[in-house]
Amino acid sequence: MIVLALDTSGVDCSACVYDSASDRVLGEVCEMIGKGHAERLMAVIDGALQQAQLPLQKVERIAVTIGPGSFTGIRVGVAAARGFALSLGVEAVGITTLETLALHHLLTNPGRPVAVGLDAKRGEAYLQTFAADGSPLAEATLLSLNDARGVLSGFDGAVIGSAAPLFAGEEIGSGPDHFPIASIARSAARKPAGQPKPAPLYLRGPDARPQTGFALARQDVA
């Protein structure tokens, strides 16, 4: 199966073409851009396809990170993935950022459970725990740092992600999380057919708020 994987959920804008039959990455482009994913994504996809020397029509499945992460970035990636899937007549699969980091860690550190914590700022973290085989032990959730420490107090496994230093009592996290695009592709290729369409996993509402002080009063027309 040829998988095209996309990630716009964080500071990176990434695309990967992966062949599951040979477990080989055929093309990969990753740019750390912070913002502006909508403007760069198509060029990044083109670059990955050019490296793979394959046309878009050869893609058999689309993979995309669905969050938690950047509110705007997640929308860009999910919309692109669903659009490509519709135009190509293939399935699109959503992969969470937490699952991505867990499975990437377990590739080189097998045998123990893993907890993934992403620094959500404001004294909070996105947290999910996974068994040694990569299956989730709990739902992804947004917690205060104190509550997260309580959840992890009896956890016998590795703790990774940008919030890991915060759980240990440090004042700042480890910096932006990076979600390995090849791991996203591999995870999507192993999902059985019939997955639900990708949908954003925000866990928190957008930072933007309507400027009600500048709203115009409604006027009824006779």
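Which residues of helix α3 (residues 97-108) are buried? They are T97, L98, E99, T100, L101, A102, H105 and L106; buried means under 20% relative accessible area with a 1.4 Å probe, protein chains only. This is a predicted model: local features need pLDDT of at least 70, side-chain atom pairs count only at pLDDT 80 or more, and totals for chains, interfaces and linings use all residues. Numbering starts from 1 along each chain as its sequence is written, and side-chain values use heavy atoms, without hydrogens and water.

**Overall fold**
- The protein chain has six helices and nine strands, taken as DSSP runs (H or I, at least four residues; E, at least two).
- Its C-alpha trace spans about 65 × 50 × 30 Å along the principal axes.

**Packing**
- Of the 222 residues, 46% count as buried.
- Among contacts (heavy atoms within 4.5 Å) with a separation of 6 or more, 62% join residues 24 or more positions apart.

**Helix α3**
- Cover for its buried residues includes β4 (61-65), β5 (91-95), β6 (114-121), β7 (124-130), β9 (158-160) and α6 (181-190).

**Helix α4**
- In α4 (residues 145-152), L145, A148 and L152 are buried. Seen down the helix axis, the buried residues of α4 fall within an arc of 60°, so they line one face. The arc uses directions from the axis to the C-beta atoms.
- Cover here includes β6, β7, β8 (141-144), β9 and α5 (164-167).

Conventions. Buried < 20%, exposed > 50% of the residue type's maximum accessible area, 1.4 Å probe, protein only.
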